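This briefing concerns the strand pairing, helix packing and aromatic contacts of a single structure. Please consult the sequence and coordinates below alongside the text.

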Amino acid sequence: MSAQIFAALGAALPAAGAKLQQSVGGTIAFNVTGAAEPEWFLDLSKSGTPSLTKGKKKADLTVTISDKDFVKLAMGKMNPQQAFMKGVVKVKGKIALAMKLQKVFDIAKGPRSKL
């Protein structure tokens with residue numbers, strides 16, 4: 001399930017990556033338990049080209065979450081703060097980056113109509 005979200009995020013990076021890079025400015029490792037491809041690395045550091053790759057790398061922030069909860073979080077069906085407080089999502093590293101995750105998930109959803 002999370003693979004589709006990562007695919008959408010990867011597809012959106014060429015167009016939205018530079019803007020995201022300016023607002024996020026860091027690297028994020030995702031450890032999605034129960035997923036076929038559990039480890040992803042998102043590089044939105046201010047130096048270099050924004051990228052999303054499979055695999056484990058040292059990051060400014062590491063997010064550990066189950067596959068089904070990752071999908072809920074990314075789709076906006078789960079409150080990130082409540083998920084953290086309940087232990088559904090675990091974060092390690094620069095917590096300030098965790099507060100910017102919604103911006104990352106928003107580009108994976110694509111543009112929305114303003115009607």
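L42 has L52 in β3 as its bridge partner. The two strands concerned, β2 (residues 39-44) and β3, pair in the antiparallel sense over four bridges; strands count as paired if DSSP finds at least two bridges between them. The model is predicted, with local features requiring pLDDT of at least 70 and side-chain atom pairs counted only at pLDDT 80 or more, while totals for chains, interfaces and linings use all residues. Residues are numbered from 1 along each chain as its sequence is written, and side-chain values rest on heavy atoms, with hydrogens and water left out. Helices (H or I, at least four residues) and strands (E, at least two) are DSSP runs, numbered from the N terminus.

**Sheet architecture**

- The open sheet has five strands in the order β3-β2-β1-β4-β5, with mixed pairing.
- Because β3 (51-54) and β5 stand at the edges, each with a single partner strand, one side of each is left without a neighbour in the sheet.
- From one strand to the next the twist averages 15 degrees; axes are lines fitted to C-alpha atoms, for helices over the stretch in contact, and angles run from 0 to 180 degrees between N-to-C directions.
- Strands of a sheet pair through backbone hydrogen bonds, either parallel or antiparallel.

**Strand β1 and its partners**

- β1 and β2 run antiparallel and are joined by six bridges, with T27 opposite D43 in β2.
- These two strands form a hairpin with five residues between them, and G34 in the turn has a positive phi of about 85 degrees.
- β1 (residues 26-33) pairs with β4 in the parallel sense, also over six bridges.

**Strand β4**

- In a regular strand the side chains alternate between the two faces of the sheet.
- β4 and β5 (residues 90-93) run antiparallel and are joined by four bridges; T64 stands opposite K90 in β5.

- T53 is found in strand β3 and, at 28% relative accessibility, counts as partly exposed.
- Beyond residues up to four places away in sequence, T53 touches E39, W40 and F41; contact means heavy atoms within 4.5 Å.
- The C-alpha atoms of T53 and A29 are separated by 9.7 Å, and the two residues are 24 residues apart along the chain.

**Aromatic pairs**

- The structure holds five aromatic pairs; rings of Phe, Tyr and Trp (its six-membered ring) pair if their centres lie within 6.5 Å, and planes under 30 degrees apart count as stacked, over 60 as edge-to-face and the rest as tilted.
- The F6 and F70 pair is stacked, because the ring centres are 4.9 Å apart and the planes stand at 15 degrees.
- F6 lies in helix α1 (residues 2-24) and F70 in helix α2 (residues 67-74), so the pair ties together parts that are 64 residues apart in sequence.
- Both F6 and F70 are buried.
- F30 and F70 form an edge-to-face pair, with 5.8 Å from centre to centre and 75 degrees between the planes.
- This second pair links F30 in strand β1 with F70 in helix α2, 40 residues apart.
- F30 counts as buried at 3% relative accessibility, and F70 counts as buried at 2%.
- F6, F30, W40, F70 and F105 are linked into a cluster by ring pairs.

**Buried acidic residue D69**

- D69, found in helix α2, is buried yet has no salt bridge, and K72, the nearest side chain of opposite charge, is 4.0 Å away.
- A salt bridge is a side-chain nitrogen of Lys or Arg within 4 Å of a carboxyl oxygen of Asp or Glu; for charge, Lys and Arg count as positive and Asp and Glu as negative, while His and the chain ends are not counted.
- Not counting residues up to four places away in sequence, D69 touches M78 and V88.

Conventions:
Buried < 20%, exposed > 50% of the residue type's maximum accessible area, 1.4 Å probe, protein only.
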